Amino acid sequence: MPTPPNPMPSPKWWKEAIVYQIFPRSFQDSDGDGNGDLRGILSRLDYILSLGVNTLWINPVYPSPQRDNGYDISDFQDVDPRYGTMADLETLIKKLHEKHLRLIMDMVINHTSDEHVWFRQARTSRDNPYYPYYIWWPAEKGKPPYRLGFFDPAGEAWNYNEATDSYYLHYFGVGQPDLNWDNPKVRQELYKMLRFWLDRGVDGLRFDALTFISKDQAFPEITPKILKEKYRDDWGNYYATGPHLHDYLRELRREVLSHYDCVAIAEASGVSSDTVLDFVADDRQELDLLYHFEGMLLGTLPRGFKRPDPAGWDRGEFKKLYTRWSEVFDHRGWGTIYLGNHDQPRMLSRWGDDSEEYRDCSAKLLFTFLLTMRATPFLYSGDELGMSNIRFKSIDEYEDIETRLMYEKLKAEGGDTQGFLQDQQLMARDNSRTPFQWSAEPNAGFTPGRPWLKINPDFVKVNRDAEEKDAASVLNFVRRMIRIRKQYPALVYGSFSAMTHDSSPVFAYNRTLHNLTLSVLLNLSSADQPFDGLFSPPSAGDVLINNYPVLQWTRQGLQLKPWQALVFVCGR
Ligand code: ISL
């Protein structure tokens with residue numbers, strides 16, 4: 001007998017998880033220093049619970065010089081005073097567990113800060129026992145082969161260190177030296193550190209830049225031609241092909257993960273739908289989940305090089321891509337879905353339409369999409385209010401190392417800095433890092449002090465308080481969608497089948513489990529769209545979700561309003 005298209009997968013808590021990501025620095029400040037902190041999160045637990053989410057992911061809160069917002073860790077096993085204390089973190093874990101919420105912590109194990117004691121030791125001499133904790137190119141061999149450093153002013157991943165007369169490798173900023181995973185001591189130290197957190201009750205680990213940990217230390221020449229032909233012109237694709245990557249992931253599973261009931265999630269630049277199962281299929285014994293960048297690339301300008309066209313991403317490709325990423329897990333593995341996070345602009349501004357007219361309905365549509373796909377949804381804090389890009393005008397308003405360095409580099413090269421600033425209004429990471437908008441009070445109720453990053457002036461209208469009072473707000477819609485996802489297992493485990501494969505902006509699909517089908521219709525555009533497929537009022541079933549007060553049937557089928565999102569339920 002042929003296998004059914006989507007057999008019921010084995011249930012797991014992390015397949016049923018609805019993850020809410022908090023960028024702690026911007027969520028809630030409790031002590032007036034202008035930075036969000038752990039006590040701030042604790043004071044907002046009721047709000048988080050009211051959303052209906054069951055899992056929290058927080059970005060790094062470890063001691064750090066904060067050159068890359070905590071992704072440059074100087075001590076893996078403590079809490080940065082600006083976020084609070086270890087006791088605050090322990091209280092957070094305890095309180096979350098009392099309320100049946102799980103906690104995912106961010107683990108940055110591809111690199112450390114240059115202020116980490118390992119690196120402070122390593123850089124003093126080639127004989128130092130910590131020298132082999134990092135990756136070096138001795139100067140007597142000449143200049144090292146070119147590698148791209150994402151956050152480097154010269155775009156170079158090698159930095160010369162005088163005391164050792166050698167260059168250290170840093171795929172990100174100069175203050176983020178890459179760890180040498182080929183050194184078994186490094187791996188054992190990291191495993192010990194991970195156990196430290198898991199022993200404290202952390203339920204999941206989100207591994208930063210995990211696909212980059214293994215490097216070919218013969219450092220072959222990667223010419224522009226090779227990069228283009230073999231790696232689709234993306235250094236991330238090359239960095240994700242390290243020779244021992246899968247060995248290390250299997251070892252990580254064996255030594256650490258397999259001993260805990262935890263979920264392991266990789267941030268996985270360079271992984272495509274062709275290779276994802278090598279990481280997350282059960283029999284691989286590596287990871288549980290990963291999140292890919294293929295969706296993001298569809299709406300990305302190659303780092304500041306092209307004029308943005310916010311409405312310009314290809315709807316047909318979008319549908320194809322997410323259908324492909326759903327189907328790849330039909331029989332093995334499990335996926336994740338997201339449209340924004342701390343590294344991306346606000347999802348409403350990038351994938352929806354944040355104009356006065358369509359911001360509400362397009363935000364609601366995007367949540368309908370995230371919460372009806374066959375994958376674990378990652379929701380980014382603030383999106384549930386329909387927060388949008390701040391669109392800074394001047395470079396001085398930016399805090400982010402990425403934007404600031406790209407600007408400096410361009411300026412030094414005599415490039416088009418004005419065009420770049422315009423692009424950043426769509427793409428910059430700081431767009432999604434502005435403080436959470438709690439109320440119309442000064443500083444949006446985020447801090448009594450001076451916020452570390454400017455608050456989006458639209459907070460006087462777009463804020464939690466106002467949306468609480470409005471039954472038709474984005475916030476209340478999100479709560480409803482979350483309830484529905486929890487109420488219908490078909491939305492988690494049911495099969496996914498796309499209803500159409502055309503290039504129209506209407507994304508239509510069915511989610512079916514046993515005798516129940518939920519049909520989802522999404523008009524991903526700011527124009528009316530006909531939908532003539534397969535549908536007539538009685539057979540469509542009952543309307544479960546409609547982000548408009550109307551539903552317009554014609555002889556040909558449905559006439560969808562701009563950004564209209566519909567969910568029908570049929571069967572029982
Ligand atoms: O490699 C990339 C593109 O080819 C990047 O998208 C890369 O994967 C991504 O920037 C990694 O992000 C993570 O690590 C960074 C940090 O700044 C980000 O905030 C974090 O999410 C360095 O730790």
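I began with helix α9, whose buried residues pack against α6, β7 (204-207) and α10 (277-280); contact is taken as heavy atoms within 4.5 Å. The model is predicted, with local features needing pLDDT of at least 70, side-chain atom pairs counting only at pLDDT 80 or more, and totals for chains, interfaces and linings using all residues. Residues are numbered from 1 along each chain as its sequence is written, and side-chain values use heavy atoms, with hydrogens and water left out.

I then listed the buried residues of α9 (residues 245-255): Leu245, Tyr248, Leu249, Glu251, Leu252 and Arg253. Buried denotes under 20% relative accessible area (1.4 Å probe, protein chains only). Helices are DSSP runs of H or I with at least four residues, and strands are E runs of at least two, numbered from the N terminus.

Finally I turned to the ligand. I found 20 residues surrounding it, the closest being Asp68, Asp208, Glu267, His342 and Asp343; a residue counts if one of its heavy atoms lies within 4 Å. A polar side-chain atom of glutamate 267 lies 2.9 Å from an oxygen atom of the ligand. For serine 269 the corresponding distance to a ligand oxygen atom is 3.1 Å.

How values were computed:
Polar contact = N/O pair within 3.5 Å; in protein donor to acceptor, adjacent residues only side chain to side chain. Buried < 20%, exposed > 50% of the residue type's maximum accessible area, 1.4 Å probe, protein only.
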